[in-house]
Amino acid sequence: MRGLRQLARRLLSNVPENTVYGGPKQQSPSQRVTLANLRQKHARGEPISMVTAYDYPSAVHVDQAGIDICLVGDSAAMVVHGHDTTLPVTLDLMLSHCQAVARGATRPLLVGDLPFGSYESSSNQAVDSAVRVLKEGGMDAIKLEGGAPSRISAAGAIVEAGIAVMGHVGLTPQAISVLGGFRPQGKNISSAVKVVETALALQEAGCFSVVLECVPAPVAAAATSALQIPTIGIGAGPFCSGQVLVYHDLLGMLQHPHHAKVTPKFCKQYARVGDVINKALLEYKQEVESKTFPGPSHTPYKITAKDVDGFLKELQRLGLNDAATAAAEAAENIESASKQSSGSG
């Protein structure tokens, strides 16, 4: 019920343009991005923006920036939870991330990753997992990786169940066991052709978009030209229908060895937020140790002099003389600091 209420609050963005209730009203910049909006944008040749985010604060930022699509990716396993691959993340954990993002982002189309182990066994398992991502996670669509026949069938089954699906080809992190690590794809003739063929198969299965990850730009251009649905590139050059980067990566949020190891070469850092965070934390630590924080402006809660006197008497009555002395000194110090602060202001 909680998931259903959440969906009702947010309004599913893949509602058809014309319904028995007259269809959604014309979009303003603050209203929901729908699949219809994305199709129209793609038809006009306008690039689509997508950001991968994992929690409420990042979702709020993505929302305020007017990003078209917010992906809740299974890369949370690496970026948020510190794993070396995406494989450890579970469906239940993904649902928690999805719920947080759904509370923070009201404008973009929300897409939730199906994690490894949640859709490979059968089409029924895939549909069941996808249903949970929408009903419990509050997403508008799901994304799944790979182009094996079973995964193409899973994508088709999910679409037939009435759920929008984004495909994902090229480097598919869930398949590192068979790919031999995080390796670019499409770098020889057979691999390049396979990327295009897989993308076409996902389109045929009913996917509304396909992510192209870590493939040479000519291969991405070929796939984009061959498809009638938008491609979203990540490390695939400038010829895709849109681009996606991870929130933490593009902000330069994390500056430590693990993140340096898993941050891809193709990621442009639009800021170095991590440096700002480190500086702020160091400054906070120094002010705590020097007892300059909190000062008068950050000590807002007052007690009158009369009540201080009464409080001291009660402490003395209870035999807490040291506590009474500490309270009296604190009251005197706060009053003196406040007067100095007012004088300097």
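Start by selecting Leu254: its relative accessibility is 24%, so this residue counts as partly exposed (buried is under 20% relative accessible area, exposed over 50%, partly exposed in between, with a 1.4 Å probe and protein chains only). You're looking at a predicted model, where local features need pLDDT of at least 70, side-chain atom pairs count only at pLDDT 80 or more, and totals for chains, interfaces and linings use all residues. Residues are numbered from 1 along each chain as its sequence is written, and side-chain values use heavy atoms, with hydrogens and water left out.

Leu254 sits in the loop between α11 (247-250) and α12 (257-262). Helices here are DSSP runs of H or I, at least four residues, and strands are runs of E, at least two, numbered from the N terminus.

Next, jump to Thr52, in strand β1 (residues 48-52). Buried or exposed, what is Thr52? Thr52 has 5% relative accessibility, so it counts as buried. Show what touches Thr52, skipping neighbours within four places in sequence: you'll get Leu71, Gly73, Ser75, Val244, Leu245, Val246 and Tyr247. Contact here means heavy atoms within 4.5 Å.

Last stop: select Leu35, Leu38, Arg39, Phe208 and Pro230, which line the largest cavity. Its volume is about 30 Å³. By class, that lining has four nonpolar residues, no polar ones and one charged. A cavity is a set of points on a 1 Å grid over the protein atoms alone where a 1.4 Å probe fits but cannot get out, and lining residues have an atom within 4 Å of a point.

Terms used: 1 Å grid on protein atoms, 1.4 Å probe; cavity = no way out; pocket = protein on both sides within 12 Å on 5 of 7 lines; lining within 4 Å. Points joined across faces, edges and corners; volume = space filled by probe spheres on them. Nonpolar A, V, L, I, M, F, W, Y, C, P; charged D, E, K, R; others polar.
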